[in-house]
There are 4 protein chains.
Amino acid sequence: MTRPTDPPPPVLPDWVVSAWLNTPAPITLDSLRGRVVLLHTFQMLCPGCVAYGLPQAERVCQAFPASELAVVGLHTVFEHHAVMTVEALRAFIHEYRWSFPIGVDAPGTPGGPSRTMTRYGLRGTPSSLVLDRQGRVRLHHFGRMDDLVLGALLGRLISIPDGPEDGDETSAVHAPHVACSEATVCETAGCRTEAGAW
Amino acid sequence: MTRPTDPPPPVLPDWVVSAWLNTPAPITLDSLRGRVVLLHTFQMLCPGCVAYGLPQAERVCQAFPASELAVVGLHTVFEHHAVMTVEALRAFIHEYRWSFPIGVDAPGTPGGPSRTMTRYGLRGTPSSLVLDRQGRVRLHHFGRMDDLVLGALLGRLISIPDGPEDGDETSAVHAPHVACSEATVCETAGCRTEAGAW
Amino acid sequence: MTRPTDPPPPVLPDWVVSAWLNTPAPITLDSLRGRVVLLHTFQMLCPGCVAYGLPQAERVCQAFPASELAVVGLHTVFEHHAVMTVEALRAFIHEYRWSFPIGVDAPGTPGGPSRTMTRYGLRGTPSSLVLDRQGRVRLHHFGRMDDLVLGALLGRLISIPDGPEDGDETSAVHAPHVACSEATVCETAGCRTEAGAW
Amino acid sequence: MTRPTDPPPPVLPDWVVSAWLNTPAPITLDSLRGRVVLLHTFQMLCPGCVAYGLPQAERVCQAFPASELAVVGLHTVFEHHAVMTVEALRAFIHEYRWSFPIGVDAPGTPGGPSRTMTRYGLRGTPSSLVLDRQGRVRLHHFGRMDDLVLGALLGRLISIPDGPEDGDETSAVHAPHVACSEATVCETAGCRTEAGAW
């Protein structure tokens, strides 16, 4: 699918986040270099996000080891700004038990989309972006997405090792710990759940 | 996950099939060498197969291009032999519109499990086996399986190219056409459905 | 909904059944007089029956007390006659654990619809018929049906007592026991599961 | 189920509502006398309410004619008071397209359950109360509830006409219009969707 003359996929510029929840420290895209990243952008009052997008992000978080893949949420508000506050988001996260780090996208112009939402050219919520180990955008999807298709993409990207031209492998080692509770492992004997392995 | 001292995964011996449905010609495992294979073993009167296993095999068939992955079904009867006949299976396939090739596992001892079921050491139905491009068993799973986890394994195996020690790449070219109607493609711009690409 | 000039709903003529499964003795419509009846007609190789119709009939069977409502299945074959035999049906019932009585509709002309299917004017499978306590057809529905809507109709019909002109209340007492394992009861304190009460 | 010595079910006292949404005028329980009532109490940040309770209330609203049954929602906040405001609730209703009237339960003691929640003795959200045409509590259920079971109860209560001792039938005529878009009708010929009939 990649032809010799294809331009390389764009490297995603960093997000602009005004607050972080579910993580002891702010997270930069650079700090995730070396791992595959699923960035799930949502609004807490978006029905499709609540019904499909966020549960899928949570499942991804459970199914892959944190050493290989990081799931990050981004609250990209473009409507109902007055009520989708950080405080409301915190209650929402608490009630739904989302376990991955969630950033609050910095506000844009009053009443308009938030800053990273504009920077990334998102069409709406939910939107999912998948980055490879070098931070290049491999998927930019608006709306619902099939688990099988997303799983295949993530599995494919995880199996591509970090290239030497992109720095040594130690990047992941120093990354902030972005982990979910458990990872599922599939090998010859079947599938099992295990933390930190794949 | 693979350590230097791990034994190599076993290469699956060929199946023993008494009849083929949904394909113009019999299929051997050798003819699929060069592609990843999902072998779904089932019984037409097994509720878990009808509710979960077979629909998942069909989704896999739709989600991956035939040039990279082959889905094959195997009817492994170990109970109710008198009524799970080839003729009954044909009606079942017709009504449920399964689109992948399905082999009828050769009968074993009267009243017992079918021959390939015994040969592969299957514990029951549904059982799924995933083979890499060299025909080595990478997953042997009994029961229900998560789409995300299965997708990740298939994506990972597809991304590993056929090694030179396993013969040249022409094997896939001459393989019987084992294809479903459509494949879903995910790249930078999002996911789309397309035949024969990935 | 019933206006003074509406003709009375038709009383359903009896079925013509060649064999009964899941019941110690044949069941006639007359023997069910005094109870509301859900008659679910299906084919074992009909995907919609397996996915929606039969599970709904089973849920109805569990949700209502046998003293008020009887669920009866009818295997109305109109295709694949050679493989949808009584023996195959018996294996199917065993594997899916259907708990209500199921009659095998008597064969019609070779290759055509079964006899009761023609007599009742069924358009296909799944079809559901609901009869009131006097055996009059209150619903004749082809295809999928909403649980809430079906529940409302059954609740409404159950609440209408058997009229004196239709014989005394002893009819139900002598009816063959057509029961499922448990019934769910709803009253002021909430819903609970209980056998034989409502 | 009702024995001669059973005490009559309690008549529900009126709610204490500080604001109404989705209705042109406030609604009192008295104004609904003559119709069956489903009162669905919820919180907008309660996952079970969003996933099960509110969609079920909406389905009930669609399945029954407004002349027979009224669906009323009540936002009973007992946690996260600062963010579950009327303004937030308005955005929530807009995004999820709930079509039935929703009252905001009057605040109780600071940080505690709202007033009607305490008055009705609700254990949490979602809780559903079903009232008969005389306003008597026929169901008080906390948590998820089966559609078939709820439908049966509603159908049963709807079929019981308003007694003469409870006032003439004109009560419903003067009731505020509490209606959803469409009602589903089941009769001999099958089920169909229709506004205002049953």
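The same surface serves both of them, since 100% of the contact residues of chain B recur in chain C (two residues are in contact if their C-beta atoms, placed from the backbone, lie within 7 Å). Residues are numbered from 1 along each chain as its sequence is written, while chains are lettered from A, and ligands numbered from 1, in the order in which they are written. Because the model is predicted, local features need pLDDT of at least 70 and side-chain atom pairs count only at pLDDT 80 or more, whereas totals for chains, interfaces and linings use all residues.

Turning to the fold of chain C, an open sheet of six strands runs in the order β1-β4-β3-β2-β5-β6, with mixed pairing. Helices (H or I, at least four residues) and strands (E, at least two) are DSSP runs, numbered from the N terminus, and two strands pair if DSSP finds at least two bridges between them. At the edges of the sheet stand β1 (17-21) and β6 (137-142) of chain C, each with a single partner strand, so one side of each is left without a neighbour in the sheet. Inside the sheet, β2 (residues 36-42) and β5 (residues 127-131) of chain C pair in the antiparallel sense over five bridges, and C:Val37 stands opposite C:Leu131 in β5(C).

Helix α2 (residues 47-63) of chain C packs on this sheet, touching β2 and β3 (69-75), and its direction makes about 160 degrees with that of β2(C). Angles run from 0 to 180 degrees between N-to-C directions, with axes as lines fitted to C-alpha atoms, for helices over the stretch in contact. Helix α3 (residues 86-96) of chain C lies across β1, β3 and β4 (102-105), running at about 30 degrees to β1(C).

Within helix α3 of chain C lies C:Ala88. With 23 C-beta neighbours inside 10 Å, C:Ala88 counts as buried (20 or more other C-beta atoms within 10 Å of its own; exposed is 12 or fewer, partly exposed in between, with C-beta atoms placed from the backbone). Leaving aside neighbours within four places in sequence, C:Ala88 is in contact with B:Val83, B:Ala88, C:Met44 and C:Val83. The C-alpha atoms of C:Ala88 and C:Met44, 44 residues apart along the chain, are separated by 8.6 Å.
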